[in-house]
Structure formats: structure tokens, C-alpha cells
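Please view the sequence and the model below before turning to the notes.

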Amino acid sequence: MAGRTRFSDLHDDLVAAVLARLPLRQVARARLVCRRWRALTADHSFLRITASRRTAAGFFVNDHLSVRADYVPFPLDCSTATVDGPSPDLSFIPSAALPGDPPRGGIGDVHVSGSCNGLLLLWCPIHRPAGHYACNPLTRELVRIPVVEGLHSLNLAFDPSVSPHYRVVAFGHMSDIHVYSSETRCWGAAVHHDRSLFSGLRSVHGVFWNGSMVWTVGHSLVQFVLEGGHLKTIPMPPKRKEGWFCAYIGVSARHLQMIGYTKEEKLTACFEILEMQHGRSEWSLLYRVDLGRVKELHPEIEWPTWDTRSEEHKVIGYLALSPVCLVRGTGEAGKHGVLIFSIPGKIMLYDMKDQRISVVGEVRSSVRELHSLCHFEHPWYYFYAYSPSLFTV
């Protein structure tokens, strides 16, 4: 019919706006239609727009032996849920799928060691060649990170609002810091610093926030600013109770988040959630959470510990609950969020919007395995929130 406009005649901006409304997995397929669509959907501004509209869809959790990772999607009825296709699939990684395993979110022989804005940092000990890899599960891209001898404890840093290139931060000899760039595909010069700054480092796993890698060191936070390569400390929240302890740090919706409690509060499953906004230096109280009723809903969390002072190894019961992941939504959903926490044998979700508690995953490790590893909870650095994106590695 005369006057009818064909889709191919539309301006690039209109075509990009239509494609941006599709689920990301369909956008990835649309790239195969023609070169024009591929170019439009690979443009960095398009990628930024599509990524900014999405929050975490689920999380990866590593087992205690660091030889297997499972993906757990958020329930569709939780306040941060997004409907964007099936779970991320890592079966394209050679040796990642165990023989006889059905297709699923879990992967064998792959350890997730970082997740940042849709990209994953993987440790693949069985893959040939074995080593560290950057990966985008949605686009099925996998790139090896060439790690030089002496480097360890790699962390992923990626801010698509600043650059399309990601970086990897690692510790070297004498705790020197090294930075790898996907733009140059090589490691920069070592950054030397006062070793005392990392005295009491509680975990080599850091979080990327505000252009910096942040680690928990003792009762403080140490921040490595990538641009300029200098270290500084982040002030801890003031006026907390005596014995208050930072148990978790994470990033969601560009905000640095902290969960803390005293020993007494942990035993009763009460804790505070604080937040430092992007570009700010002050903490604000986000939530006070009381999950004491979990004990009533799930009496099986009376988990045994062993009194080694007794020859009979007397069993002592206690409430073992560990917050491990906090995710906020975008837009209206950003007013709320979901808290992932672990109890022995289970991974659970607490929805801040309606205070609903649900089981979202099972921990396969047996009691004896946990006891032999001195783990009765999953620490927060076993969990990595994942939000799909189309950024390239």
C-alpha cells in the first residue's frame, strides 16, 4: 500500500528504541538478522540503556570446595524480579558440563569468582588451558585472562557508564596491586603501597564501587581507586553499638551496602543494613531487619556444632543465619529489595517489600563435609548477584 513505511526505512534511533524494549536474549538473537541491527545493538549507548533498565535476575553460588557453581534465579513474585528469558547457560564452556548432567543452571568444574554488570570472572581448573576467564553468559563469549606468575586473588571491575572496557584487579608479591585492562589486553605496572593497610584483610574478595575496588580489612574498609592507583580508607558507620561488626559488603544499584550486627544480634537474627550512595562518603541506615521468626518457620536451622572440649563431642544448638547478598530494584522497585541469607542446608530470600521469607535453594554439602571444612554457613563471598547484559568481553 502506498505511503506505508517499512521497518527497514525507519531511522536508526527508532529501530534502536524498538530493539531496546525486547528481552535481552531476543536482542542477542536479533543481532543475527542483519549487519545494521548488529551494529545498533553493539553500540555502547544502546548497551548502557538496556543494562540500566535491569536489576539482578538471580545469583551464582559456589560450593564449599570451590569446584562447582549453581545459578539460582529470583522468584518471579519477588520485588526485584525481572522476566528476561531462561537462566544463564555456561554449558558452552568446554568441560563445564558434567557427563550425564541434564541442562541446568549448575555447572561443574567452574568457579565463579566475580560478577559485575553482566560479566563474570571464572576460574576453570579443568578447562584447557586452565585459568581465569572473563565471560558473558548471554552472548556466550569467553576470553582467557593471562595471569602472570605470582598474581592471585583476582577481582572484576566494570562500569559501563564510564567505559566499555573491564579491568581485573589482583594481588601480587608483598600484596602489591596489579590491574589488567581488556582494552590493552595486558597488565599494568604494579602499584606499591604500605603493607600495613591490608593487615587484617578478612577476604581477598572485594567489591567494585565508584571506580574503586573495596575490601574489608579488620574493622575498616580499604578502597583502591583504579584511576590514579591510590589507596584510601572508607569511614565506617558512626555511633554503632559496642561490638558491632561488619559482616557483609556489596554493591547494588550503584550503592555500596553494608550489613552489620553484634554477636548477640546475630544469634537472634537481627541486623542493620546501611548504604553509601554513589559519589558520597556518608552512611545512611536503610533497614533494620529482624529475622527471628525464621527459627519458627524452619526449626531445622537448629544446627549442631561440636563442643571439642568434651570427649563425647556434645552437640550444642544455635541459630546460624548469615546474610550473603542484598539486591535492590530499579525505578519504583528501588525503594525495596531482597536479602539473600543462608542457614545450614538452605539458601533463603527475604523480600523487604512484604517481609515474606522463602526458600530459594538447597545446599548440597553434607554435615560431615561442612564440619571438616569448619563451615556452617555460606560466607557472602560465595555469592555473586548476576544481571544479564550484552556487553562484550
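**Briefing on the predicted model**

This is a predicted model, in which local features need pLDDT of at least 70, side-chain atom pairs count only at pLDDT 80 or more, and totals for chains, interfaces and linings use all residues. Residues are numbered from 1 along each chain as its sequence is written, and side-chain values use heavy atoms, with hydrogens and water left out.

The protein has seven helices and 26 strands, taken as DSSP runs numbered from the N terminus (helices: H or I, at least four residues; strands: E, at least two). Of its 393 residues, 50% are buried; buried means under 20% relative accessible area, exposed over 50%, and partly exposed in between (1.4 Å probe, protein chains only).

**Nonpolar cores**

- A nonpolar core is a set of buried Ala, Val, Leu, Ile, Met, Phe, Trp, Tyr and Cys residues joined through side-chain atoms within 4.5 Å.
- The largest such core has 61 residues, and those touching the most other members are Ile145, Tyr166, Val168, Ile177, Trp215 and Phe224.
- Strand S5 (residues 119–124) contributes the most to this core, with five residues.
- Because domain 1 (12–53) and domain 2 (54–78 + 108–386) both give residues to this core, it lies between them; the domain bounds come from an automatic or database domain assignment.
- Another core, of 19 residues, lies apart from it and includes Ala247, Val294, Leu339 and Phe341.

**Contacts**

- Contact means heavy atoms within 4.5 Å.
- Leaving aside residues up to four places away in sequence, Val168 touches several residues, among them Leu121, Ile145, Tyr180 and Trp187.
- Among contacts in the protein with a separation of 6 or more, 50% involve residues 24 or more positions apart.

**Aromatic rings**

- The structure holds eleven aromatic pairs, counted where ring centres of Phe, Tyr and Trp (its six-membered ring) lie within 6.5 Å; planes under 30 degrees apart count as stacked, over 60 as edge-to-face and the rest as tilted.
- One of the pairs, Phe60 with Tyr386, is edge-to-face, at 5.8 Å centre to centre and 75° between the planes.
- Phe60 lies in strand S1 (residues 58–62) and Tyr386 in strand S26 (residues 383–386), so this pair ties together parts that are 326 residues apart in sequence.
- Phe60 is buried at 0% relative accessible area, and Tyr386 is also buried, at 3%.
- Phe59, Phe74 and Phe383 are linked by ring pairs into a cluster.

**Cysteines**

- The count of disulfides, defined as pairs of cysteine sulfur atoms within 2.5 Å, is zero.
- Cys34 is partly exposed, at 29% relative accessible area, and Cys270 is partly exposed, at 21%.
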